[in-house]
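Colleague: Could you walk me through this one? I'd like to go from the side chains up to the sheets and helices.

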Amino acid sequence: MKHYLKINFLVLLSISIFACSYNKEQQNENVFGKQNFDFNWKFKLGDFPMAANLNFDDENWRTLDIPHDWSVEGQISPENTTGNDGGYFPAGIGWYRKDFDISKELEGNKISIYFEGVYMNAEVFINGKSLGVHPYGYTSFEHDLSPYIQYGNKNTLAVRVDNSQQKNCRWYSGSGIYRHVWLKVNSPLHIANWGVGISTPEISSERATVQVNTTIQNETNQIQSLQLITKISNSSGEIAGKEEQEIELKPNGKQVVTQNIEVTNPKLWCPDYPNLYVATSTLKKRGENIDQEENSFGIRSIEYSADKGFILNGESIKLNGGCVHHDNGILGAAAYDRAEERKVELLKAAGYNSVRTAHNPPSEGFLEACDRLGLLVIDEAFDGWREKKTTHDYASIFDEWWQRDIEAMVLRDRNHPSIVMWSSGNEIIERTKPEAVETARLLNSYIRELDPTRPVTSAMTSWDQGWDIFDPLMAEHDICGYNYMMHESEGDHERDPSRVIVQTESYPKDAFYNWKMVQDHSYIIGDFVWTAMDYLGESSIGRYYYPGEPEGQHWKQDFYPWHGAYCGDIDLIGWRKPISHYRDLLWNNTEKIYMAVREPNPSEGEIKTTMWAVWPTWESWNWPGYEGKPIEVEVYSKYPRVRLYLDNELIAEQKTGLDQEYKAIFTLPYKKGILKAVGVQDNQELESCILKTEKEASQIKLTADRNTIKSNGQDLTFVTVEVKDSDGQLVSNADNSVSFTITGPGKIIGVGNANLKDETAYNVHTHKVWKGRALVVIKGGKEAGEIKLKAISSGLTEASLIVNLAE
């Protein structure tokens, strides 16, 4: 369910771009609502000042649907101004245009356009009239179109998107209208945008109080008498509570109406049981509906202290977290709902119970998926404050825009039960100056004013330079975010026993140390690794490199063709690296034994790793050229001991308990065969995993994450491409080039692999696999039917796959 949903859809027919006729009899039947405005836009890259005008000729412009990111469609190049931060993708200026009709019978109502996210500097025009520029690319915004609408005639909405001033971001931002767009029609008497705030101040096992604060706007010149009815429904649609209230609104004014609704025997929301309710807010005038809005929410409580840690619904919980950027890998920044949902599914499957949205508010679809699937969220406002990190970043607009962007984050997102903390910033440059304390007080106080139910943090670091100078800044936060500073936490606790600490960023290689620190100290409530997933931009962070390749950390120089970050537990196409299995094993008991092989050093020298890297380790026992040479095998296990076999011959047995960090490393000369690791308890072999040397590549296998998708023009299926041998085993060193064709009511919108040095564009339909794998993303059309994907590669048996589009 959409977090914000206006109904009913009768009005959607009347305002359709197809100019259907308007039925006056519908005016008294919930005719107000919002319409998805994603389809049939015209787009052209470049600057066209006359494109704002109503009668501009866009006949030769490209027709496309939103979400759209033009940067990911381009070719990476060291000449592109985004540079290493932006992944060397193109940026620039682009224009979008869309024609639509509004029925004359709707004159006198409020017509507005709502953008979930445009990157960046979005100037919106209606019929040639500029409505202003929204600079920040990560917050949602709305414009009132009503004064400029031509009722009964064609209207043109135009959007100029300017991402040409580079650099403006320290990671890949994408370019364009990359999140959903909505056209809204409201009565002059209506619920304000983001006007419903829901909290649960009192909770017990028998009952919960749901407090609903509804902001109602009267955009008429008269006093208005209304009725507000709020119903609470459970996941089965049954009414769990209801309250009605009579309201009198002053002319041209706003009023916040507070309703406290009791829900008996509430089902609480938590990561393991993400129970959701729906609040339906209805405005009536003289017995007739004039506005209605639905908001999903969860009933849950949050507490935190240095003594007890983080408490959710009365129970202690550790935040096993990771940071994520907003991109969707080979789709770039395009925020398709299914791509956002898949991201949450991947995080949950890898053992995470929490995520930090570094360093900006995420899409609404991402938060809705976190609500439904059960993932705790730190929602972060921006990367910095007044002092810049890149030439054209948020610092240039901070003073003018911080309040509006904080409101956009908190008011938009406050009803999501998944959000348990707000973050007002990340590693601010001015952090050692007294002015930073003043700014933190300003920001954090305003966040608490908008939402007093959640703690506020921000991520701080000193890189070991005068850490205790941060004490006054820390004091302005409810929970103190440490980036890479866990080693200071015990000393800090002695100095300030009341401080609650969360490590907001950590190095992947320090997984055990950070896990142990969180386990052993109640005042450390969790750890968020940098990062949970690989991402575009911040190029080459987390890289490992071979003899002869340039040395150094990612900020030292450009390492093109690296165009992304390899520090994630999950790679760019969604596959879990061995470090992910190790971290999951520490956090959870879902996986008790896992085995991978450390890549051996080549004959010409040693592999080297950077600060955010771990040693390249693979699920492979296929190392041609290393016969007879020593190979290291890593086994992660919650069993007290493990045994390693090669072709059923015992190689060795080792302890793998807490003192060994639940890890054993075996060294043995390489030879082809079957490698088996076995978990041992009380001298009994209980569980095993194997790696087997592969044969030559012979076939392609295609596996869709969903074989049936919706025919709504937006739904996706992610198809994993694997090169396999005659036994059906993945060929782990395969790099075959594979070509893809598609027929039926769908299209390919992304093809790629996890190799962040591969220069092939993600919109090209021929791509190499890397380590045996690639990914194809298919978007379905608007008609039911069958989509057929076909994959061919020289020397391999071809493969095909059917995806069904259902109504």
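Colleague: Let's begin with Arg160: buried or exposed, which is it?

Modeller: Happy to start there. Buried means under 20% relative accessible area, exposed over 50% and partly exposed in between, with a 1.4 Å probe and protein chains only. At 18% relative accessibility, Arg160 therefore counts as buried.

Colleague: What pLDDT do local features need here?

Modeller: Residues are numbered from 1 along each chain as its sequence is written, and side-chain values use heavy atoms, with hydrogens and water left out. This is a predicted model: totals for chains, interfaces and linings use all residues, side-chain atom pairs count only at pLDDT 80 or more, and local features need pLDDT of at least 70.

Colleague: Which residue does Arg160 meet in a salt bridge?

Modeller: The term stands for a side-chain nitrogen of Lys or Arg within 4 Å of a carboxyl oxygen of Asp or Glu. For Arg160 the N to O distance is 3.0 Å, and the partner is Asp47.

Colleague: How many residues apart in sequence are the parts that this pair ties together?

Modeller: Arg160 lies in strand β10 (residues 154-163); strands (E, at least two residues) and helices (H or I, at least four residues) are DSSP runs, numbered from the N terminus. Asp47 sits in the loop between β3 (41-45) and β4 (62-64), so the parts tied together are separated in sequence by 113 residues.

Colleague: And what is the relative accessible area of Asp47?

Modeller: Arg160 counts as buried, whereas Asp47 is partly exposed. The relative accessible area of Asp47 is 38%.

Colleague: Which residue forms a salt bridge with Arg97, and where does that residue lie?

Modeller: The partner of Arg97 is Asp58, with the closest N and O atoms 2.8 Å apart. Arg97 is in strand β5 (residues 92-101), so the pair ties together parts that are 39 residues apart in sequence, with Asp58 in the loop between β3 and β4.

Colleague: Are those two buried or exposed?

Modeller: The cut-offs given for Arg160 apply again here. Both Arg97 and Asp58 are buried.

Colleague: How many salt bridges does the count come to?

Modeller: Arg97 with Asp58 is one of them. By this rule, the count is 50.

Colleague: Moving to the sheets, which are the edge strands of the open sheet of 4 strands?

Modeller: The order is β35-β33-β36-β39, and the pairing is antiparallel. Pairing on one side only marks the edge strands, β35 (617-618) and β39 (663-669).

Colleague: Which residue in β39 stands opposite Pro630?

Modeller: Two strands pair if DSSP finds at least two bridges between them. Strand β36 (residues 630-637) and β39 pair over 7 bridges, in the antiparallel sense. The residue opposite Pro630 is Pro669.

Colleague: At roughly what angle do the axes of α8 and α9 cross?

Modeller: Axes are lines fitted to C-alpha atoms, for helices over the stretch in contact (heavy atoms within 4.5 Å), and angles run from 0 to 180 degrees between N-to-C directions. The axes of α8 (residues 511-520) and α9 (residues 578-587) come within 10 Å and cross at roughly 20°.

Colleague: Finally, what is the average twist in the closed barrel of 8 strands?

Modeller: The barrel runs β22-β23-β24-β25-β26-β27-β28-β29, with parallel pairing. From one strand to the next, the twist averages 25°.
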